[in-house]
Amino acid sequence: MSIDMNTLIGQMIMFFVILGCGFIGAKLGLLKAEVIHGLSSLLMGVVCPLMMIAVFPSAVQEENAWDIAKSVIPYALITYPLLTGAGFLTGTLLHFRGDKRKIFTAQCLFGNMAFFGLPLVKEIFDPVAVVAFSFCIVIDNLFLWTEGVLLTSKSERGQKLSLKLVIKKLSNPVIVGVLIGLVLMILKVPSDLLILRSFDTIGSCAKPLALLYIGGTIALMESGSLKKAWPVVFVIIIKLIVMPVVIFRVMTCLGVNDLARNIWTLIIALPSMASIPIMAESFGSTEVDYAAQGVFIITLASLVTIPLVVMLCR
């Protein structure tokens, strides 16, 4: 895997420090709950969409941008069912039933693409990779607000899955930013326009704000006894280590181009999505506490497992 290890390890250390600042700040009461929720709105409503708008035109001169996007999307459509199957099968073998098995499957399936993956890809890859990753965010949202709702729901109560809900959730500012950026890319709008440079400057705030948000969110979670979260060990092994290496080897055998292969390997290696506990509570799951504990442990573990995956894929 053609990623400079020194750069990656440096990024992981930086991620840990900023995440720790968010965690400590929330524990000390310096970051109030309303501020942390405000960071989420700022990131999803302003920073990430503007970053998407700015990054697409910067990749327009790269002839392989569309080829990379086309090579990433089909593997997304294949890999999500594979991750679902791996999570469900492992949960069954561990004798999980009902909501516990569904939350376990969701943890294996959905990575923290917006708040963790996007800042990381922007730091270690070029703009073309960010474009390819952005297409994956669209696919991820489609699965999240269909299959993800089913996995975090309890049928007896809670909000039900409907076409109206899916359309509403897919019409979020990040997806709109991707679509606007795509139009600008097709129209070959120059990336050095002052407004796009301004958007790119705002987008550069994504990494620190996202990590402060994750750290603060973890600090505010009702974690309870971490002993009850032992199943996440299997999530760490399957999602963060085994599946990324397997997909990397399969793509290598199939002759997938290096950048698309590296992007998708990194996507699978991302920690579980931080919003899984929020969705679990919203849709009536009985395993909200386990979901919250899992986010805490898996996110910290990923700071070690991502460099490990890169080493195993060399």
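Here are a few friendly questions and answers about this predicted model.

Me: How many disulfides does the structure hold?
Reply: A disulfide is a covalent bond between the sulfur atoms of two cysteines. To count here, a pair of cysteine sulfur atoms must lie within 2.5 Å. The number of disulfides in the structure is zero.

Me: Is C21 buried, partly exposed or exposed?
Reply: Buried would need under 20% relative accessible area, and exposed over 50%. C21 has 46% relative accessibility, so this residue counts as partly exposed.

Me: What does helix α1 reach from its first C-alpha to its last?
Reply: Helix α1 covers residues 5-27, which makes 23 residues. At 1.5 Å a residue, 33 Å is expected. The reach of α1 is close to that, at 32 Å.

Me: Which helices do the buried residues of α1 pack against?
Reply: An α-helix has 3.6 residues a turn, so residues three or four places apart point the same way. The buried residues of α1 include M5, L8, Q11, M12, F15, I18, L19 and G22. Their packing partners are α2 (33-58), α5 (113-124), α10 (206-220) and α14 (288-312).

Me: Which helix gives the largest share of the lining of the largest cavity?
Reply: The largest cavity holds about 60 Å³ of space, and its lining includes Y80, L83, W264, I267 and I268. Two helices, α3 (65-93) and α12 (258-268), each supply at least two residues of that lining. The largest share, three residues, comes from α12.

Technical notes: Residues numbered from 1 in each chain as written. Predicted model: local features only at pLDDT ≥ 70, side-chain atom pairs only at ≥ 80, totals over all residues. Heavy atoms only, no water. Buried < 20%, exposed > 50% of the residue type's maximum accessible area, 1.4 Å probe, protein only. Helix = DSSP H or I, 4+ residues; strand = E, 2+ residues; numbered from the N terminus. Expected span 1.5 Å × (residues − 1). Contact = heavy atoms within 4.5 Å. 1 Å grid on protein atoms, 1.4 Å probe; cavity = no way out; pocket = protein on both sides within 12 Å on 5 of 7 lines; lining within 4 Å. Points joined across faces, edges and corners; volume = space filled by probe spheres on them.
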